[in-house]
Amino acid sequence: MKLQQKLKKLRDALTGLTVSVFHYRRPKMTAPYVVWQESGEGDSFYTGNIKTEQVVSGTLDYFTRTEYDKVVDQIQDILEKTCSGWRLLSVQYEEDRELIHFEWEWEMC
């Protein structure tokens with residue numbers, strides 16, 4: 001699968017969420033919302049010194065004011081179905097903005 005096809009696969013899956021989803025950055029708005037982006041190449045696969053599978057990696061951030069927000073589980077379900085690997089990096093409370101911030105790292109083959 002080509003790089004752009006992989007990114008569109010994740011984009012299309014995220015459009016099923018009940019919150020606004022943005023690629024790279026968001027316009028001025030209030031939470032809840034998702035911002036995702038690719039950040040580079042992960043551990044790709046090589047055979048005979050030729051790249052046989054490119055792994056793309058990135059992050060996904062979710063900002064909410066709701067404790068125990070059900071969208072968190074929806075995001076993890078999407079990552080489970082569309083990515084070859086992912087992990088929850090951090091959950092933080094941003095006091096200055098009064099937001100709960102979830103951050104995931106993902107990879108796609």
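This is a predicted model: local features need pLDDT of at least 70, side-chain atom pairs count only at pLDDT 80 or more; totals for chains, interfaces and linings use all residues.
Let me begin with the cysteines. A disulfide is a covalent bond between the sulfur atoms of two cysteines. How many disulfides does the count come to here? The count comes to 0 disulfides, and the distances let us follow the reasoning for Cys83, because its sulfur lies 9.8 Å from the closest cysteine sulfur, the one in Cys109, and that is too far for a bond, given that the two sulfur atoms would have to be within 2.5 Å. Cys109, likewise, is in no disulfide.

Now please find Ser44, which sits in the loop between strand S2 (33-41) and strand S3 (45-47). Is Ser44 buried or exposed? With a relative accessibility of 13%, Ser44 counts as buried. Its side chain makes a polar contact with the side chain of Glu41 at 2.6 Å, and the side chain of Ser44 also reaches the backbone nitrogen of Val55 at 2.9 Å. If we set aside residues up to four places away in sequence, Ser44 touches Lys51, Glu53, Gln54 and Val55.

Gln74 belongs to helix H2, which covers residues 71-82, and Gln74 is partly exposed, with a relative accessible area of 26%. Leaving out neighbours within four places in sequence, Gln74 is in contact with Leu17 and Thr18.

Conventions: Residues are numbered from 1 along each chain as its sequence is written. Side-chain values use heavy atoms; hydrogens and water are left out. Helices (H or I, at least four residues) and strands (E, at least two) are DSSP runs, numbered from the N terminus. Buried means under 20% relative accessible area, exposed over 50%, partly exposed in between (1.4 Å probe, protein chains only). Contact means heavy atoms within 4.5 Å. A polar contact is a pair of N or O atoms within 3.5 Å; within protein, one must be able to donate a hydrogen and the other to accept it, and residues adjacent in sequence count only if both atoms are side-chain atoms.
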